[in-house]
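Please look over the backbone of the structure shown here. This briefing picks out peptide bonds and phi angles that deserve a check by eye.

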Amino acid sequence: MRVRTLHLTAFRNHADTALQPGTGITLLVGDNGQGKTNVLEAISFLSLSKSFYAANDAQAVMLGQDVLEIGAGIAHDAGREFDVRVTVRATSGDKAIRVNGSALEKLSALVGMFPAVILSPEQGGIIAGAPAERRKFLDVVLSQTSRSYLADVMEYRRVLRQRNKLLLDARLAGTPPARELPAWTDELVGLGSRLIHMRERFVDGVHTEFAETYRALAGTRGDAAVRYITADGIVHGMETAEIAGCLREAIARREAEELRRGATLAGPHRDDLAFEIDGRAAERYASQGEQKTLLIALKLSEYRFVSVRCGETPILLLDDVFAELDRHRAARVMHMLRSTAGQCIITATDEALIGEAPRWNNEHRRIIVDSGTCREASS
Amino acid sequence: MLYTSEALQQLVEEFARLPGIGRKTALRLSLFMLKRPREDVVKMARALVDVKDRITNCSVCCNITEADPCTICTSAKRERTTMCVVEEPSDVIALEKTNEFRGLYHVLGGALSPLDGIGPDDLKVRELLARFPGDITEVILALNPTVEGEATTIYLTRLLKPLGAKISRLARGIPVGGNLEFADEATLSRALEGRITL
Ligand SMILES: Nc1ncnc2c1ncn2[C@@H]1O[C@H](COP(=O)(O)OP(=O)(O)OP(=O)(O)O)[C@@H](O)[C@H]1O
Ligand SMILES: [Mg+2]
Ligand SMILES: [Zn+2]
């Protein structure tokens, strides 16, 4: 997909901003607090139907205004054009999304239609933060590429709450668990094993590329690896049914502890991703720049995975990625971005940070963001 | 007092209890009733009381009925070897409309949901088991395609299997009485990918 035109009205500090990103790289450059990240956030509404970081839609409405609008002309790879319009009302929080004039009944219908891969400072947690952040990463990527995964995740969460309630009830009453517990366990194992299978396949699909991209970005130093950590007994390459068998056993082994804690203790909601450089855990041993490099390598692998699975080139949004990188790594990132097929929007406070600027023209654009306005820099 | 009549206020409050009816609509309905001829209003009030007084639950299938056992349970035209288990009386009505199913029914009155405090004892499960052994050789589990309907399907399968009847279920994902055309993309792709069989 390609964003041809973008028009923001009362969106954060953008009162009325029109923008035409280039077909290749677009650099949004400007001082702190001028509105660069806000532009990327607006594009995330078009792709994910929501902000990539803020939980509250209404917050994005410009203070003192009632309704924000994000309007965009988007083209699919095959040329089909879409007019997408997102509106959010500050007072009620009501959100509406129209594609070519017709309102989407379910916002989730948008997921995967205009795929985006987003790398922002908040996502540093994927490498060094809590396991929940890595699971969220997996769920967002896989939901974008598979509607059945999205449906399974939502059902899994509900089944988990139901099953935990039974366990908690038993704990509080000091009785054995209700006799319908095995039915909830079965359903949890069925959905859970499908999620684990898809996540395994994702990691399997990207890990070689991830290692290669890391090596290319880091120069020659360091072998990076990513692994999926799940319930005991589940090994690489298993089919869903085998995974289900292992998960069932893992839950059975924890039966007593589950009752003591009143919670389900095995399943995709407890799994994790492990990142390593030269066999050492990245969250404990990698430097800031190395962690950032891992994250970029992961996102570029995700980018290719999403391209293939969606059959549509995603838009790549990189917020502030150059801040922690040395000159060489920054130049290598830019080099890699130039060779990706799709559109890429990056932000920086200074053009010098991006290491190696492309020639600015219609393909690669440099846009100055200044107090909620955007203008093309004259080259 | 919000309204100039206590009777009106009472009626608005009663309407507002109905599912999907807010106070605004409740007021509109109340004023509408006020304009109707008296005999129409009496007819409606009687209809309301009648459903309450005349309808009970069939002691066999637990569906709503005026005669016990109900007309489906006593009908000579129904196949007595096949039974379809559903959550609500409305599901029976939907299935009857299709004219496809000629067997008997069992209405559970809901689905398992710990979060709502609903376990097997809150459903007509004991009544279901009481129908075995009998003429029934095939059970079709036609619960809603929700997380709760699915758990209930699994629970009943575990319970009924040892009784020897053949157990089947509606194709997963396609809503009862639903049409492929109207199933959303996620439902369809999951149906295609196939679910765990019982
Ligand atoms: N709802 C809102 N209404 C008006 N202004 C807002 C709103 N939300 C955020 N802002 C303002 O938008 C400004 C720009 O934010 P943004 O995060 O886009 O800056 P940035 O250019 O990415 O800066 P940095 O380089 O520091 O990351 C901030 O000063 C913030 O106060
Ligand atoms: Mg920013
Ligand atoms: Zn009956």
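Predicted model: local features only at pLDDT ≥ 70, side-chain atom pairs only at ≥ 80, totals over all residues.

Residues are numbered from 1 along each chain as its sequence is written, with chains lettered from A and ligands numbered from 1 in the order in which they are written. Most residues other than glycine have a negative phi, and most peptide bonds are trans. Helices (H or I, at least four residues) and strands (E, at least two) are DSSP runs, numbered from the N terminus.

**Cis peptide bonds**

- B:D68 is joined to B:P69 by a cis peptide bond, with omega near -5°.
- In chain B, the loop between β2 (64-65) and α4 (71-74) holds B:P69.
- A cis bond also links B:F132 to B:P133, and its omega is near -10°.
- B:P133 sits in the chain B loop between α6 (125-129) and β5 (138-141).

- A:S371, a residue other than glycine, has a positive phi near 45°.
- The loop between β14 (365-370) and β15 (373-376) of chain A contains A:S371.
- A:S371 counts as exposed because it has 12 C-beta neighbours inside 10 Å; exposed means 12 or fewer other C-beta atoms within 10 Å, buried means 20 or more, and partly exposed is in between, with C-beta atoms placed from the backbone.
- B:C62, also not a glycine, has a positive phi near 70°.
- B:C62 is in the loop between β1 (56-57) and β2 of chain B.
- B:C62 has 19 C-beta neighbours inside 10 Å, so this residue counts as partly exposed.
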